[in-house]
Amino acid sequence: MDSANSSVASVKMNGTSTTNGVAEAPIKANSNGCYRDEDSWKEVSIAVPWGTVAGKWWGPQNRQPILALHGWQDNAGTFDRLCPLLPAHIPILCIDLPGHGKSSHYPKGMQYLIFWDGIALIRRIVRRYGWENMTLMGHSLGGALTFMYAASFPNEVEKLINIDIAGPTVRNVDHSAEKTGWAIDKMLDYENLSLNKMPCYNYEEMIKLVVDAYDGSVDEEGAKVLMRRGMSPTPAEIKKDGFNFARDVRLKVSLLGMFTKEQVIAYAKLIRCKVLNIRADPGMTFQNPLFYAEVIETLKKNAELVIFEKVPGTHHLHLVTPERVAPVIADFMLKS
């Protein structure tokens, strides 16, 4: 196997595990003339110092993949409906960020500084496998991370595809200052939360809870897709039947490590690659709605190409209505 697929410690295809296998899945044509279906992926595991980063590798493993990152408290399954609609000869590696999906949680004593952690994780993976001229794709938090990586390593990213996010989320600095103490205490409370205090749900309750929590952004089918990696059976030692969320509860504390407007604009000025930004309409409601456009205009001054597309849909439009965004992304992949 070459350097691209030497990244795969183990793979899973249609329920069958192999070691560095290259089994072929059944294929069918999609509306873009591509050939890939919802089973055309392999489970991957990447060793990191604190455990493993899990993911789903779509397409051939003998080529460098697009690296795709999901949103906050989601997982790699967020791209499950989109990947089958994209050009089948282009591999896509969708990872679970640390503490999400099937990836290892951080050990006690570590905390999630979500944005900075994510940039370092991308770099760790890229350096490990010697990938060059990367194409990165991200939704929400994942898009903020790919934005930051493209700014931090401007000569090493060829294309950037971001879905319903322009850059890192900006928070009011006074609010952040006032809430810092609360955030630290909350993180420590979560760190010491015992298993028997973790909420447990049956499957139907879990799906309803997810749909309600996303407040219209994700439908029931989308919730079921996310929960394939987003929930796990309740541990036997607590003697309850049902499911827990797989994600690390400490991820709920996301305040620390946020950005100011000035920081985001400074990073935007450094991005040089080709950029596709898809803004969902109505999409996510931001604290500073005009700032999205300001970031896009800043990108246009220095990036090689910036394509900005508004597409009708919710914040999770790539999951709920992937047929609306797939042609835009495929065209950018193939022609830009």
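This is a predicted model: local features need pLDDT of at least 70, side-chain atom pairs count only at pLDDT 80 or more; totals for chains, interfaces and linings use all residues.
**Overall picture**

The protein has 336 residues, of which 53% count as buried, and its secondary structure comprises nine helices and twelve strands. When contacts between residues at least 6 apart in sequence are considered, 74% of them join residues that are at least 24 apart. The accessible surface amounts to about 15,100 Å², and carbon and sulfur atoms account for 51% of that area.

**Two helix pairs that share H6**

Helix H6, which spans residues 261–268, packs against helix H2, residues 141–152, and also against helix H7, residues 289–302. The geometry of the two pairs is set out below.

| Helix pair | Angle between axes | Distance between axes |
|---|---|---|
| H2 and H6 | about 55 degrees | 8 Å |
| H6 and H7 | about 25 degrees | 9 Å |

With axes 8 Å apart, H2 and H6 pack at an angle of about 55 degrees, which means that H2 is oblique to H6. On the H2 side the contact involves Phe147, Met148, Ala151 and Ser152, and these meet Val264, Tyr267 and Ala268 of H6. Sorted by class, the residues of this contact are six nonpolar and one polar, with no charged residues.

For the other pair, the angle of about 25 degrees falls under the cut-off of 35 degrees, and H6 and H7 are therefore roughly parallel to each other. Here H6 contributes Lys261, Val264, Ile265 and Ala268, while H7 contributes Phe291, Glu294, Val295, Thr298 and Leu299. By class, the contact of H6 with H7 has six nonpolar residues, one polar residue and two charged residues. Val264 and Ala268 of H6 take part in the contact with H2, and Val264 and Ala268 are also listed in the contact with H7.

Thr78 counts as buried because its relative accessibility is 0%, where the cut-off for a buried residue is under 20%. If neighbours within four places in sequence are left aside, the residues in contact with Thr78 are His70, His139, Leu226, His316, His318 and Leu319.

Terms used. Residues are numbered from 1 along each chain as its sequence is written. Side-chain values use heavy atoms; hydrogens and water are left out. Helices (H or I, at least four residues) and strands (E, at least two) are DSSP runs, numbered from the N terminus. Buried means under 20% relative accessible area, exposed over 50%, partly exposed in between (1.4 Å probe, protein chains only). Contact means heavy atoms within 4.5 Å. Accessible areas come from the Shrake-Rupley method with a 1.4 Å probe; for residues, only the protein chains shown count as cover. Axes are lines fitted to C-alpha atoms, for helices over the stretch in contact, and angles run from 0 to 180 degrees between N-to-C directions. Angles under 35 degrees count as roughly parallel, over 145 as roughly antiparallel, 65 to 115 as roughly perpendicular and the rest as oblique. Ala, Val, Leu, Ile, Met, Phe, Trp, Tyr, Cys and Pro count as nonpolar, Asp, Glu, Lys and Arg as charged, and the others, Gly among them, as polar.
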